[in-house]
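Take a look at the structure, then read on.

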Amino acid sequence: MKIADITFGMPRNKAALNPAGVAPEGQPTTLSSSLSAAGNAMPCSSSSSGLSGRWASFEALFCSVVEENPDSLALSGGGKNLSFRELKDFSARIAAFVQAQNYGPEAAVGALCERGAMYLAAAIGIMRAGAVYVPVERELPRPRQEAMLRPVRLLVTDRASLHEAEYHRYRNPNITHVLCLDAPNFADALESGGLSSTEYWEHLAELGSDRGWLDDVDARPLDLAQLCRMADSLLQKTGLAPNRAPGSTSGNTQAKGKSVLDIGSGSGVVAQALASASSRYAAVEIARNELDRVHALPCDASVSIHRMEAIDICFLDEQFDLVVLNGVVDCFPGYNYLRRVLDHAVERLTAGGSIFVGAVRDMDRKDDLRAAIREHALATGDQSALLRFEGSAELFVPRRFFSAWAAECPYPVEVKFSPAAPAPSDNGQSGVFRYDVQICRSAHDARPRGTRVMRESFGLRDMEVCPVAPLAAVRPDAAAYIVYTSGSTGLPKGVVVEHRHLLHIIHALRAFSEGCGTVGLVAPLSFDASIQQLAVSLFCGKPLYVMADEERKNPAALCACARKRGIDLCDMTPAFFNVLVDYLQERHQPLPLRRVLLAGEVLRPDVIQKFYAIPGNEDVVLFNVYGPTECTVDSSSFRIDRANHADFTAFPIGRPVEGVTIFVLDKHQRPVPESVTGELWIAGAGVSRGYLNGESADAFTEYAGRRCYRTGDNGFIQNGLVYYRGREDQQVKIRGNRVEIGEVERAVGSFPGVRQVAVVADFYQAGNDKSLAAYVVGGVNPVDLRSYLEQQLPPFCVPDYIVPMVELPLSPNRKVDKRALPSPLGRVEAVAGRCPQGAVEQTLAAIWKRLLGMDVSDAEASFFSMGGHSIMAVRLVAMIEKELSVHIAVNELMAHSSIARLAELIEGKAYVRNSPIIKLCHSEDGKNLFLFHPVGGSVFCYSDLARQLDGRYTLYAVEPAGFQAEKTVLKEVGSLLWTSQRQN
C-alpha cells in the first residue's frame, strides 16, 4: 500500500500567522518582505535598491572583500588552505591564463577536479576573467559529463581527474585546451590505476592464455583462428613474417636477427609468434603466471622476462629493433601514461627500429561501436557486452593523439595508421572498431623547421608565466555560470546565470551568516547550492570549508568535522537532515552548528520537532529555503527556531528574498485570491537568462510588465507567507535533487529488451523519503538494468525499485494508468541464494529488514537492488556502527553491497590494503631493507630481487603516496624503521 503524499497544512493557531509586512521575531530585517496589490491578488515581494559601489561588479566586490580581510582564511578543503590574498592572486593567474587564450566573449570554461578549495578557486578565477564557469563533478556518469561539457572551450582539472579531462578533450571537439592546476608541467601529471591490477590479470591468466581477448560487439572470447590472424598481421606489418617465396624452406634471416620487446606480452598466440620470429625476445608483464608460461615457450630465441609495469621499461638498459604494445593500451590509466611509455619505447629503439601499437580502441568510432553493441543486444537479448562497454574503464584513443605526440617527440619519428587485424566473427564486425599504429624512428628529421606545435595541454608553470594585469569589471549582463538540471527530453538542461543575477543573490543572502564564523559546504559542487555557500561565506569575509565526501555524506563525520573546524553554518537537503536528526537523537547529542540552510524538498514537521526536542539544540536556527535553479539558487526563505517550530503542520517557504517577487496565478494566468492555490511565478533580480539551448522557452515569460519564470510549482500566499503545495507535472524532488520522470523513463527505455516503462515517485515506506520505482515490461534482468542505469544517470535518478511487469495498466483513454500500478514493496524479484548465516550476517539481515521493510533471504543480494539508496545507505552505516561497533565508510558499502560481502569486510576476511608499504619477503633474523618505487609508482620490478633475497632479508617495497587512495608513506616508513632499530 502506498503512503499518501504529504498533507500541506496550515498553522495550528492564529498566533503563528504574522500580519502582512511584519517579520517574525528574530527574523533578519533584510529578509522581510512587503506586499503590493496586482488586480485582486497580492503577490509576495521584496523590494531591492539598485546595487552600486562595491556591488557594481563581481570584480569590485571580490577585491573589496579581499582588501578588508587580506590575511584571513578564505578557502580550505582537499588538503589546501588559501587566505583571501592568496585566493585573489591564484584566481587572478587563472583569469589571466583564460584571457590569454583569446576565446572571445562568454567562453565556457569547465571545472573537473577533486572536491576541495582549488575547485572553487578555479571557479572564482574563471568568473573574474569574464568567462562562463561550468562545474562538473567526477562522480557523475560519463554520458552526463559529456552532455554538460558540450559548450566548454577550456577544461580546468587536476592530477586526480586528468584521465577524465583528456578523454573529454578528445571526445568533445569544442574543448581546445586542458589546464592542470596541481602539476608544474602537464607532462608531469602521471595517472595511476586503470586496469593494471596484478590480481585481476593473474586471476584471468589462471584460466589460460589469451583470456583477455574478447570480441568488441558480443564480448565472447576470440577463437584460435582469430588470434592467429592477428598474429600473422602483426608479423607482416613489422617485417617479422617468414619468407613465403616459392621454394623457400627457411625464415627471413634478416627478420630472424631482430630483437623484440613485447610490453604486456601475455603468453598466448601473439607472444609465441613474436618469440619464434625473433632472435631475442623480452617480455614485460605484471602477471607472474603469464611470465612463467613465457619462459617455457618453445622457440630458438633468447627469452628474458621482466615483471614490471609498462612505464618502468625505462629501467631496461637494452636496445630493441621492435617494441610491441599489442592490445595493451586499453588498460593504461591515462593518456599521459601512454605518452610516457611511448617516450621510453622510442629511447630503447635501435637505429631504424620501430614501435607497433596494435588493436587501439578508436575514439572516433566509439559511437558506432555503442550502436553495434546495442543492435546485437536487441537481436540476441544478451546485454552482457553492453554492460561491459558502458561500465568499462578502457582507454579509447583518437589517431590525432599519436600525431600530436610525434610532433613533440624529441626524436624524429614517422607515424602510420592501418586497420586492425581482420578477425571475422559471427557478428561480422570484430576488429573494425580498432586500428594499428606503426611508429618508425627516422635517421633524419623530416618535420619542417620552425614549425610551432599548437599546444593543447598546460600545467601550473604555463599559468604562472602569463602576465597578470588588473582585471576589468565584467558587464552585468554577461553570463557568469551554467548549472544543469534534469531535462524531460532525456538530456540535462543548462541554466545560464548572468553576473547581475550572481551579484543579486550574494547581496540577498548576506544576512544568513550574521553571527557565524566558518561556513561549511555540503552540496555537490556542480549544484547551485555551492554558489549559495559562496555567497554566505567568502563574500561576507568568512572562511568556507569544502567538506570531503565522507564528511558531507556521513552524520558522524559531518558532526566531527563541524567541531574540529569550528563550522557554524551549513547547507543540506531535508533528506540528509532527517538522517542527521536520527543520528543525534540516538546519541543524545546536540547539533554542533548554529544555523542550517535546508533546501530542495519539503520539510517534515515531525523531524523538526524531534530535532528541537534534543537538549542543546534550543539556539539552532533552521532556514527553509526555496528557489529553482532558473531563479539563481534561492527565491524565498522561512526562519524556523525553538519559538515557532511547533506552530505549523507544514512549514511555509516564507517570504521572497530581497529583490524577488512571487505571484500566484491560475491556469489562465490570472491572479488568485489569498489562500487559494495556483502556480508560483517568480519575477525580479534573480530570474536567469534562460536555458543554454533554448529548451522550454515558454517557462520564461512576462506578467504585469515583468519578466517571470513559471516554476510549475503549486502554492498559495497567506498572511505574507508563501506555501508550497507540490506539482502536477512529472518533475519531482528525490533526496533534494530535481528529477524529470521523463529523463529516467527514457534511460530505462534505452536498455535493450525493455518494451514499456513507467516510472513513479512516491513515499513507499513510512518515515522514508520519496523514491523512484520503475515498472518494466520486457525480458530484462533487473540487476543488469540497474547496472546499466548507474552508468547513464546520476545516483539520485536511478530508481530504487525495478518491478518486472507482464503489462502496464491502461486508463480508458489508453494511457498508462500510474495510479493502478502495484506497490513495489515485496515485488523485488528474489534471486536464488543462500540465507544469511552466522551472527554478523543475521544481524545485518535484521538491520536491512528494518530499513527496507522486507525480509532478506539472500545473503548475496545487493542492498541497492532491493530498494536501498544513498540516503538509506547513510542510515545503514550508522546502524551498523551502533549495533556492531564497526565504522564502515559509505564508499566501502558501495563496494560491499551484499550481506555476505559486508560481513566479510566487518569480520576482516576481505583484505583491504591501505598501506603503501608492501612486504615482499620475510626473514626472522635478517635485516630490513626498504625499496622505494621507480618512476611509474609500481614496485613489481623488485619481485625478482625479493625472490633472490628471500630468507636472508625482510624486504619492503614502498609505493608513492598517491598510487592508491588514502595512503601516507613517511609516517609508516618511520614507524617500521623505528621498530626495526629496536629489534636490531
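## Ground rules

Helices (H or I, at least four residues) and strands (E, at least two) are DSSP runs, numbered from the N terminus. This is a predicted model: local features need pLDDT of at least 70, side-chain atom pairs count only at pLDDT 80 or more, and totals for chains, interfaces and linings use all residues. Residues are numbered from 1 along each chain as its sequence is written, and side-chain values use heavy atoms, leaving out hydrogens and water.

## Two positive phi angles

Glu 106 sits in the loop between helix H2 (84-100) and strand S5 (108-112). Its phi is positive, about 55°, although Glu 106 is not a glycine. Glu 106 is partly exposed, at 30% relative accessible area. (Buried means under 20%, exposed over 50%, partly exposed in between, with a 1.4 Å probe and protein chains only.)

Val 633 is in the loop between strand S23 (621-626) and strand S24 (636-640). Its phi is also positive, near 75°, and Val 633 is not a glycine. Is Val 633 buried or exposed? Val 633 is buried, at 4% relative accessibility.

## A helix crossing

Now for helix H19 (residues 555-565) and helix H20 (residues 574-587): their axes come within 9 Å and cross at roughly 80°. Therefore H19 is roughly perpendicular to H20. (Angles under 35 degrees are roughly parallel, over 145 roughly antiparallel, 65 to 115 roughly perpendicular, and the rest oblique. Axes are lines fitted to C-alpha atoms, for helices over the stretch in contact; angles run from 0 to 180 degrees between N-to-C directions.)

In H19, Pro 555, Ala 556, Leu 558 and Cys 559 are in contact with Phe 576, Val 579, Leu 580, Tyr 583 and Leu 584 in H20. (Contact means heavy atoms within 4.5 Å.)
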